[in-house]
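Morning, everyone. Please have the structure up on your screens, and I will walk through a few parts of it.

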Amino acid sequence: MTPILHIGNKRLSTWSLRPWLALKKANIAFQENIIPLDQEDTRDTLLALSPAATVPVLETAGRNIWDSLAICEWAAEQVPSLWPEDPALRATARSITASMHSGFSALRNELGMDLKREKAAKDMSVACWRDIETIQALWAHVKTGEGDFLFGDWSIADAFFTPVATRFDTYQVPLSTDAAAYVETLLSDPVYKDWHTAALEETWDAPFH
Ligand SMILES: N[C@@H](CCC(=O)N[C@@H](CS)C(=O)NCC(=O)O)C(=O)O
């Protein structure tokens, strides 16, 4: 069975974007099924896939895998180059990925990803500014200096920060020169650009976003 990646609207679903990028970068064949968020039947549709009632979900022959990071790890078991080869770098890549997966709630709440939103600055709380500062410090801390991505070649860590890059761009967040260059790298990546183009073509409304 070709795996099916169930995702939310490309315009809005940050968590869906991450494993979608990883599967594409790994050249793993999959079908894609979009479940529009914020619709009357969204929750029932999601509950039919997993009790977590969230996207993304990867439907495989054996079982459904919910959660963006679990799906990325499933992909990395088949294509290990989705993580850096060097064990120390791999541990660091997993650390920064986990920081994104479990943290930065102020940024996530205040600067929602909306790829159709007009670019403009927005008032932000101190907690949100602190998240922005921390993310830039983490990028500077881990960046190897080889290649444009965090660990040289593209890795799952870059997938986890691509939605952050869209937020920094949409809300015109002032960034250090190095952070701005990294954001540009993520947003000009051809695989990400395919997602972005499709997002702009979507017509669903999003009343709760
Ligand atoms: N920790 C989960 C979070 C997934 C999540 O919150 N997904 C959102 C969409 S981006 C969702 O499905 N929300 C349910 C809804 O909007 O009904 C993951 O990493 O996959």
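One definition to start: buried means under 20% relative accessible area, exposed means over 50%, and partly exposed is in between, with a 1.4 Å probe and protein chains only. This is a predicted model, where local features need pLDDT of at least 70, side-chain atom pairs count only at pLDDT 80 or more, and totals for chains, interfaces and linings use all residues. Residues are numbered from 1 along each chain as its sequence is written, and side-chain values use heavy atoms, with hydrogens and water left out.

Helix 9, then. Helices here are DSSP runs of H or I with at least four residues, strands are runs of E with at least two, and both are numbered from the N terminus. Which residues of helix 9 are buried? Val191, Tyr192, Trp195 and Ala199. They sit on the same side of helix 9, because they cover an arc of only 100° around the axis. That arc is taken from the directions from the helix axis to the C-beta atoms. The face turned away from the buried side carries Pro190, Asp194 and Glu201, which are exposed.

What do the buried residues pack against? Strand 1 (4-7), helix 1 (14-25), helix 7 (156-170) and helix 8 (177-187). Contact means heavy atoms within 4.5 Å. At the N-terminal end of helix 9, Asp189 is the cap, with a side-chain oxygen 3.1 Å from the backbone nitrogen of Val191.

Back to strand 1. His6 lies there. His6 counts as buried, because its relative accessibility is 6%. Its side chain makes a polar contact of 2.9 Å with that of Asn33, and another of 2.7 Å with that of Glu59. A polar contact is a pair of N or O atoms within 3.5 Å; within protein, one must be able to donate a hydrogen and the other to accept it, and residues adjacent in sequence count only if both atoms are side-chain atoms.

Next, the loop between helix 7 and helix 8, where we find Val173. Val173 is buried at 7% relative accessible area. Val173 and Ala121 are 52 residues apart in sequence, yet 6.7 Å apart in space, C-alpha to C-alpha. Not counting residues up to four places away in sequence, Val173 touches residues including Leu111, Met124 and Trp129.

Last, the domains. The chain is divided into domain 1 (4-80) and domain 2 (83-193), with bounds from an automatic or database domain assignment. Their centres, over C-alpha atoms, are 21 Å apart. The contact takes 20 residues from domain 1 and 20 residues from domain 2.
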